[in-house]
Amino acid sequence: MYRTMRDEHSDESGYDAAEVERAAEDLRVGIIDDDALTLAALRSVVNGMAPRHGTVVIWTSRSGDEAVDLCVDRRSRPDVVLVDMNMDGVDGGMVCQRIRHFSDRIVIYGMTAHSLRRYEHVTRRFGAQALLDKADVQGLQRCLADCAAGRTYIQQGFSSPGQAYRLLTVPGAVNATSLELSPRETEVLDWTIEGLTAREVAARMALSEATVKTHLRHAIRKLGVGNKLQLIRAWTQFRSAR
């Protein structure tokens with residue numbers, strides 16, 4: 001059941017068309033991380049589960065844009081995708097959102113080496129089923145083993161793939177996508193309506209206070225309100241209606 005993912009015919013993304021074809025009956029896993037060593041380690045962990053659980057990495061990618069394309073293409077579409085939440089360029093939250101926006105089946109697990117609290121809001125809001133600590137190898141293996149056995153692991157407070165898809169795509173539904181808010185803007189607003197100041201939000205998210213205030217100004221413009229007080233009121237009503 002297990003076959004080596006990379007060989008002399010693999011391209012830079014780690015995608016191997018022949019391996020994808022052979023893995024039709026396995027749990028197909030895609031991995032997105034901008035660190036090459038982390039990709040190699042995760043691929044080894046997942047493929048190491050193959051003899052017992054039938055898991056196989058069909059591709060790896062260091063680019064969020066490329067990974068989304070691989071998820072869209074039926075030939076390279078995984079059953080489960082592991083997403084680094086702290087990538088340069090297209091961030092992990094946006095990758096989750098874009099994958100979930102077209103698929104109600106792909107299981108998305110966000111991963112981070114930083115504080116789980118830092119990324120929990122974004123990971124949950126934009127369609128993932130759990131947020132995992134990269135250092136928790138056994139936790140990752142349990143999640144994938146459940147998926148391979150047909151029992152999708154869903155972390156408390158998160159939604160199933162189908163539920164998350166409907167929240168993002170149902171026509172007429174009010175959601176962060178239709179409001180054109182970025183994952184970072186959404187997280188800033190979520191912390192703000194909980195009563196945190198811009199300085200406190202900055203500390204939570206490891207951003208500068210100026211960056212937090214910039215996100216708030218962008219949200220004010222996008223939601224069409226006049227000031228921060230109106231923004232808080234509008235966002236509180238939005239969250240209460242979900």
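**Strands, helices and cores**

Tutor: All six of the six residues of strand S1 are buried, so S1 is largely enclosed by the rest of the structure. Buried here means under 20% relative accessible area, with exposed being over 50% and partly exposed in between, for a 1.4 Å probe and protein chains only. Strands (E, at least two residues) and helices (H or I, at least four) are DSSP runs, numbered from the N terminus. This is a predicted model, in which local features need pLDDT of at least 70 and side-chain atom pairs count only at pLDDT 80 or more, while totals for chains, interfaces and linings use all residues. Residues are numbered from 1 along each chain as its sequence is written, and side-chain values use heavy atoms, with hydrogens and water left out.

Student: Which residues of S1 are buried on one side and which on the other?

Tutor: In a regular strand the side chains alternate between the two faces of the sheet. Both faces of S1 are covered, with Leu27, Val29 and Ile31 buried on one side, and on the other Arg28, Gly30 and Ile32.

Student: In S2, what is the bridge partner of Gly30?

Tutor: Two strands pair if DSSP finds at least two bridges between them. Strand S1 (residues 27–32) and S2 pair in the parallel sense over six bridges. Within S2, the residue bridged to Gly30 is Trp59.

Student: What is the order of the five strands in the open sheet, and which strands stand at the edges?

Tutor: The pairing in this open sheet is parallel, and the order of its five strands is S2-S1-S3-S4-S5. One side of each edge strand is left without a neighbour in the sheet, because each has a single partner strand, and these edge strands are S2 and S5 (130–133).

Student: Which residue stands opposite Gly30 in S3?

Tutor: S1 and S3 run parallel and are joined by four bridges. Opposite Gly30, the residue in S3 is Val81.

Student: Which residues of the largest nonpolar core touch the most other members, and which helix gives the most to this core?

Tutor: A nonpolar core is a set of buried Ala, Val, Leu, Ile, Met, Phe, Trp, Tyr and Cys residues joined through side-chain atoms within 4.5 Å. Of the 23 residues in the largest one, those touching the most other members are Ile32, Trp59, Val81, Val83, Ile99 and Ile108. With four residues, the helix that gives the most to this core is H4.

Student: At what angle do H5 and H8 (residues 161–169) pack?

Tutor: Angles run from 0 to 180 degrees between N-to-C directions, and axes are lines fitted to C-alpha atoms, for helices over the stretch in contact. Gln97, Arg100, His101 and Phe102 in H5 meet Pro161, Ala164, Tyr165, Leu168 and Thr169 in H8, where contact means heavy atoms within 4.5 Å. The two helices are therefore roughly perpendicular to each other, a term for angles of 65 to 115 degrees, while under 35 counts as roughly parallel, over 145 as roughly antiparallel and the rest as oblique. The axes of H5 and H8 lie 8 Å apart, and the angle is about 95°.
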